[in-house]
Amino acid sequence: MALASCSGGEDDKGRGRPVPEVGYIVASTSAVPMAVELAGRIAAFEMSEVRPQVTGLIRRRLFTEGSVVRAGQTLYEIDPRLFRAATAQASANLNSAIANAEATRIRAERLKPLAEAQAVAMQDYTDAVAAARQAAAAVQQGRAQVETAQVNLQFTRVPAPITGRIGRSLFTVGALVTGNQAEPLAVIQGVDPVFVDIQQSSAELLTLRRSLAQGGSVPGSAEVALMLEDGTEYGPRGVVQFSEVMVNAATGTVTLRARFPNPQGLLLPGMFVRARFDQSIDTTAVLVPQAAVNRNARGQASVFVVDAGNKAAERQVTADRTVGTDWVVTKGLKAGDKVIVQGLAKVKPGAPIKPVPASKPQVIAPPSPPKRG
């Protein structure tokens, strides 16, 4: 009995446990867009403050608050009576100057032959010529005064500087306005298209530029998608216009500006949004199914790979984002590594395994139930 028991134990030890079969994929680099989602704020494409150029009382307001106004459209009318009178006075002064210039010119022409014949003193002729020139200069001054008066008269009708949506009127009919006042009459904002000012930390931008300089990434698409405050996506796509050349000292961020069409007027200046776009394309990233990536209590990611001796080796990786159902691994794997994606429950570090391609893993049939006699 003792000999039988010893021989039976040796047979069990010789048989051992079967080597677990696992499915693997061969890692390869892919061009993966590195999408970012950043906070942004809507800004008007154009903004202009409507200001008076002359002093006077507002006589009429010729627009509806909140409506769209066109460039050149008259918005306010300032009482023009004083300016009409100034224009008439300037015109009368001009006519007087023209008449005086004509008289002095004729007198100088008449004295010229007499001075040549020495019938009058040469000094008289010289004075007559000088008077004629002064009169001609007075005519030019009179024309300038008439033009100034006409311009001031035109300024009594305050036009819209740009086309856009006008806000509320800050002055009512009968209010006194001046040409050098600090407060505008109203504000016009161009809202089709609009700008989205996006804030990105300077550290992220520095990392991106280093990656582009080292050749691991290439610039991404300039197309931007917009998420509204209610969580819905704004339909039309925008385009990145430019990036600021300086960092905001208060926030440590850099402003990127995108341009969006806004035909329905849904985007309003001051609205907070989130912008999503592919800032770069990582050409050295490896896509690994999410089921193949494990994380420890500290959040560190790892995968199992097949080493040269058909043993399982645990590899620490960097996987910070997902694309579809895959993790984007940026560090820890290289092209050609065999990453275990199936049968991970039976894998232990350093244990022998039987690797097969994950596309056709062998299925082990469950044991059949014992037959009853």
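This note goes through a sheet, a helix and some backbone features of the structure.

1. The structure is a predicted model, in which local features need pLDDT of at least 70 and side-chain atom pairs count only at pLDDT 80 or more, whereas totals for chains, interfaces and linings use all residues. Residues are numbered from 1 along each chain as its sequence is written, and side-chain values use heavy atoms, with hydrogens and water left out.

2. An open sheet is built from 4 strands in the order 6-5-3-8, with antiparallel pairing; here helices (H or I, at least four residues) and strands (E, at least two) are DSSP runs numbered from the N terminus, and two strands pair if DSSP finds at least two bridges between them. Strand 6 (157–159) and strand 8 (176–177) stand at the edges with a single partner strand each, so one side of each has no neighbour in the sheet.

3. Within this sheet, strand 3 (residues 56–61) and strand 5 (residues 74–78) run antiparallel and are joined by 3 bridges. Ile58 stands opposite Ile78 in strand 5.

4. Helix 2 (residues 81–116) has 36 residues, which at 1.5 Å a residue should span 52 Å, and its end C-alpha atoms are 53 Å apart, which agrees; the expected span is taken as 1.5 Å times one less than the number of residues.

5. The buried residues of helix 2 include Phe83, Thr87, Ala90, Leu94 and Ala97, as well as Leu111 and Ala115, where buried means under 20% relative accessible area, exposed over 50% and partly exposed in between, with a 1.4 Å probe and protein chains only. The buried residues of helix 2 pack against helix 3 (122–154), contact being heavy atoms within 4.5 Å.

6. Most residues other than glycine have a negative phi, and most peptide bonds are trans, and the remaining points concern departures from that pattern. Gln118, which follows helix 2 and is found in the loop between helix 2 and helix 3, has a positive phi near 60 degrees although it is a residue other than glycine. Gln118 counts as exposed because its relative accessibility is 71%.

7. Asn310 is likewise not a glycine, and has a positive phi of about 55 degrees. Asn310 is found in the loop between strand 16 (301–306) and strand 17 (312–323), and at 38% relative accessibility it counts as partly exposed.

8. The peptide bond from Asp192 to Pro193 is cis, with omega near 5 degrees, and Pro193 is found in strand 9 (residues 186–201).
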